[in-house]
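Here is a short report on one protein model. Look at the sequence and the structure first, then read on.

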Amino acid sequence: MNKYSPHYLFRDFLAVLIYRVILDISYVLIMSKVFAYNYYILNPDIFKIFESYTFLIVIFFIFRINLKFKEAILPGYLLTYLLFLISYVPFLSLYALSNGSRAFFYGVTCFWILLILMDCTFPKIHIRTLKDSKPIYFVLTLMLNLVSIILIFKYLGFSLNFNLSIVYDIRSKYIEAKIPFAGYLFNWLSYAVNPLFISYSYFNKKWINIIFIVFIQLLLFSQTGMKSFLFAPVFVIGISWLINKGRQIILLIPSLLSLVILLGNFSYLIIGDIWISALFTNRTLFFPASLSFIYYDFFSRNGFIYLSSHKLFSVLFPYPYTLDPARLIGSTYFYSSSGSVMAANNGIIADAYMNFGFLGFFLFSFAFVLILKIINGISENNIEITAGLFGLSVLYLSNSSLLTCLFTHGLAIAIFLTYLLPGVKKDVQK
């Protein structure tokens, strides 16, 4: 049977549909009750439920039919699909079950339609890469890790922590230490440099390299309290393994997401353990969607900021608030018993809207497609190695602004290191 036949198309859609239904069930049974303080209101609207499932079908089939004409699932396509599953599908559930804003729903849906249609129509970007870049790649990787080790020992000492329950205490000490450049360096290492090196070593069976990098990731987690630093290696290797399944990854990823949500549901309903649902279903899936609606609520009433929260653009458009957007939203909508201001960071959807309103969905979809085309252009000859790296970026694209993802979380560094990666064909330009 042909891999593009209606049978496979229906099978892949069924996996996404089941994932959406499981999300809806989890929201009704657990999220709206246990995590109601995150603005999870249970107020279902029949017509909005119909709208949300209709556009789930529309967006999925546009994406899937577009993929039919691709030679391979390149990292850019994988990133788009992961972002669709982790960002847009939970957004649909929240819209339907909490009676969210219809105007915002259609704006976000237009973002996704534009994104996929632009991907269909924009030509490939071919990039002439450096020759003999292997020494540069390895020296940069080693140097950045050594600098991070020195900074950790100088400012925080040495300790390893495996206890997830004390991460916020550790994070407070890390912030108080005020390590120079750590906000950039540690993120670059954990989200770009080390994940790529782990994937490269995994496919080249360099087990000593993997042990060394995993140790560095554990050390970074132990000293910063950032849980994502700990899980990044597992995520990268898992995605790298899945990409070898070819187009079956379209079926496998929503199936795995459904399994984790179900595990969290059963864990809570049977033994009263909320940990899996809190960490995954709440924090990774529904909370970014809820924050998108909150950002819409605030900036639709108070005006847009036109990128002025970034120093580069504040000269053109003075930033109108004393707090940065994340803390502004946190102080306005969330209460902290400790008196500290919560940083309510959110992803590319909220970023687009708070800066330019509905026009932002067009501008940001255009910018994002260009980034995806560059990612595909530099990684098409190393798909297995780079898939996990750029798949990982979905976790911060759903929680941070696009410019922050590029420069603070290391997406730009990831693109540059992929450009240098040994094994990439050195001249792909015809």
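## Terms and ground rules

A residue counts as buried under 20% relative accessible area, exposed over 50%, and partly exposed in between, using a 1.4 Å probe and protein chains only.

The model is predicted: local features need pLDDT of at least 70, side-chain atom pairs count only at pLDDT 80 or more, and totals for chains, interfaces and linings use all residues. Residues are numbered from 1 along each chain as its sequence is written, and side-chain values use heavy atoms, with hydrogens and water left out.

Helices (H or I, at least four residues) and strands (E, at least two) are DSSP runs, numbered from the N terminus.

## Arg20 and its partners

Ser93 lies in helix 3. Its side chain makes a polar contact of 3.0 Å with the side chain of Arg20. A polar contact is a pair of N or O atoms within 3.5 Å; within protein, one must be able to donate a hydrogen and the other to accept it, and residues adjacent in sequence count only if both atoms are side-chain atoms.

Arg20 also forms a salt bridge with Asp24, with the closest N and O atoms 3.0 Å apart. A salt bridge is a side-chain nitrogen of Lys or Arg within 4 Å of a carboxyl oxygen of Asp or Glu. Both residues lie in helix 1 (residues 6-34), four residues apart, about one turn of the helix. Are Arg20 and Asp24 buried or exposed? Both are buried. Arg20 has one more partner to look at. Its charged end sits over the ring of Tyr53, 3.9 Å from the ring centre. That label requires NZ of Lys or CZ of Arg within 6 Å of the ring centre and within 35 degrees of the ring normal.

## Other salt bridges

How many salt bridges does the structure hold? It holds seven. One of them joins the side chains of Arg11 and Asp12, at 3.2 Å from N to O. Arg11 is partly exposed, with a relative accessible area of 23%. Asp12 is buried, at 0%. Arg11, Asp12 and Arg64 are linked in a network of salt bridges.

Asp297 and Arg301 also meet in a salt bridge, at 3.0 Å from N to O. Both sit in helix 11 (residues 275-302), four residues apart, about one turn of the helix. Asp297 is partly exposed at 32%. Arg301 is exposed at 55%.

## Aromatic pairs

Rings of Phe, Tyr and Trp (its six-membered ring) pair if their centres lie within 6.5 Å; planes under 30 degrees apart count as stacked, over 60 as edge-to-face and the rest as tilted. By this rule there are 56 aromatic pairs. Tyr95 and Phe105 form a stacked pair, 4.0 Å centre to centre with 5 degrees between the planes. Tyr95 is in helix 3 (residues 75-97) and Phe105 is in helix 4 (residues 102-121), ten residues apart. Tyr95 is buried, with a relative accessible area of 0%. Phe105 is buried too, with a relative accessible area of 0%.

Tyr191 and Tyr396 make a tilted pair, 5.3 Å centre to centre with 50 degrees between the planes. Tyr191 lies in helix 7 (residues 182-203) and Tyr396 in helix 16 (residues 383-397), so the pair ties together parts that are 205 residues apart in sequence. Both tyrosines are buried.

## An enclosed helix

Just after helix 14, Gly357 takes a positive phi of about 70 degrees.

## Two loop residues

Tyr39 is not a glycine, yet has a positive phi of about 65 degrees. Tyr39 sits in the loop between helix 1 and helix 2 (46-68). It is partly exposed, at 35% relative accessibility.

Leu307 is not a glycine either, and has a positive phi of about 65 degrees. Leu307 is in the loop between helix 11 and helix 12 (311-314). It is buried, with a relative accessible area of 14%.
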